[in-house]
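Q: I have just opened this one and would like to go through it with you. Could we start with a single side chain and work outwards?

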Amino acid sequence: MFKMEKRTIMLVCSAGMSTSLLVTKMQKAAEEKGVEADIFAVSASEADSQLESKNVDVLLLGPQVRFMQSQFAEKLEPKGIPLDVINMQDYGMMNGAKVLEQAESLINK
């Protein structure tokens, strides 16, 4: 069976709390699909140090920090890391499978 390389998906929200539930649901969705993924959530203030220390494949912003998109885009563009804001509805419903799909489509662009 073809094995994909492990994906590192970083979610950023204001405090990292609400997003941790979404991380759990995304991990479950990844397991069900047989996707190996390191999915983690950090607060906006921790994001920079995580980007320095980890090899991130994609960064998704929680809807509540959407206003930070342009400053993240500036930091991520030189590194070639795709960035997007999590769909508000998927976030609200804690739809891990949908958010995982969103992350994968950005990585595969």
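Q: Okay, is Lys 54 buried, partly exposed or exposed?
A: In this predicted model, Lys 54 has a relative accessible area of 31%, and therefore counts as partly exposed.

Q: Which residue does Lys 54 form a salt bridge with?
A: The partner is Asp 38, and the closest N and O atoms of the two are 3.1 Å apart. Asp 38 lies in strand β2, residues 37-43, whereas Lys 54 sits in the loop between α2 (47-53) and β3 (58-61), so the pair ties together parts that are 16 residues apart in sequence.

Q: And how accessible is Asp 38?
A: Asp 38 is at 23% relative accessibility, which makes it partly exposed; the cut-off for buried is under 20%.

Q: How many salt bridges are there by this rule?
A: The count comes to 5. One of them joins Lys 75 and Asp 48, with 2.9 Å between the closest N and O atoms. Lys 75 belongs to helix α3 (residues 69-76) and Asp 48 to helix α2, so this pair ties together parts that are 27 residues apart in sequence.

Q: What about the accessibility of Lys 75 and of Asp 48?
A: Lys 75 is partly exposed at 31% relative accessibility, and Asp 48 is partly exposed too, with a relative accessible area of 37%.

Q: Which residue does Glu 52 meet in a salt bridge?
A: Glu 52 meets Lys 79, at 3.7 Å from N to O. The pair links distant parts of the chain, since Glu 52 is in helix α2 and Lys 79 is in the loop between α3 and β4 (83-85), 27 residues apart. Glu 52 is exposed, with a relative accessible area of 64%, whereas Lys 79 is partly exposed at 42%.

Q: Switching topic, how many positive and negative side chains are there overall?
A: There are 12 positive and 15 negative side chains, and the centres of the two sets lie 4 Å apart.

Q: And what pattern does the protein follow along the sequence?
A: The order is β-α-β-α-β-α-β-α-α, made up of 5 helices and 4 strands. The radius of gyration is 13 Å, close to the 13 Å that the globule rule gives for 109 residues, so the protein is as compact as a globular protein of that length.

Q: Last one, what share of the residues is buried?
A: Buried residues make up 46% of the 109 residues. As for contacts between residues at least 6 apart in sequence, 71% of them join residues at least 24 apart.

Conventions:
Residues are numbered from 1 along each chain as its sequence is written. This is a predicted model: local features need pLDDT of at least 70, side-chain atom pairs count only at pLDDT 80 or more; totals for chains, interfaces and linings use all residues. Side-chain values use heavy atoms; hydrogens and water are left out. Helices (H or I, at least four residues) and strands (E, at least two) are DSSP runs, numbered from the N terminus. The radius of gyration is taken over C-alpha atoms; the globule rule is 2.2 Å times the number of residues to the power 0.38. Buried means under 20% relative accessible area, exposed over 50%, partly exposed in between (1.4 Å probe, protein chains only). Contact means heavy atoms within 4.5 Å. Lys and Arg count as positive and Asp and Glu as negative; His and the chain ends are not counted. The place of a charge is taken as NZ of Lys, CZ of Arg, CG of Asp or CD of Glu. A salt bridge is a side-chain nitrogen of Lys or Arg within 4 Å of a carboxyl oxygen of Asp or Glu.
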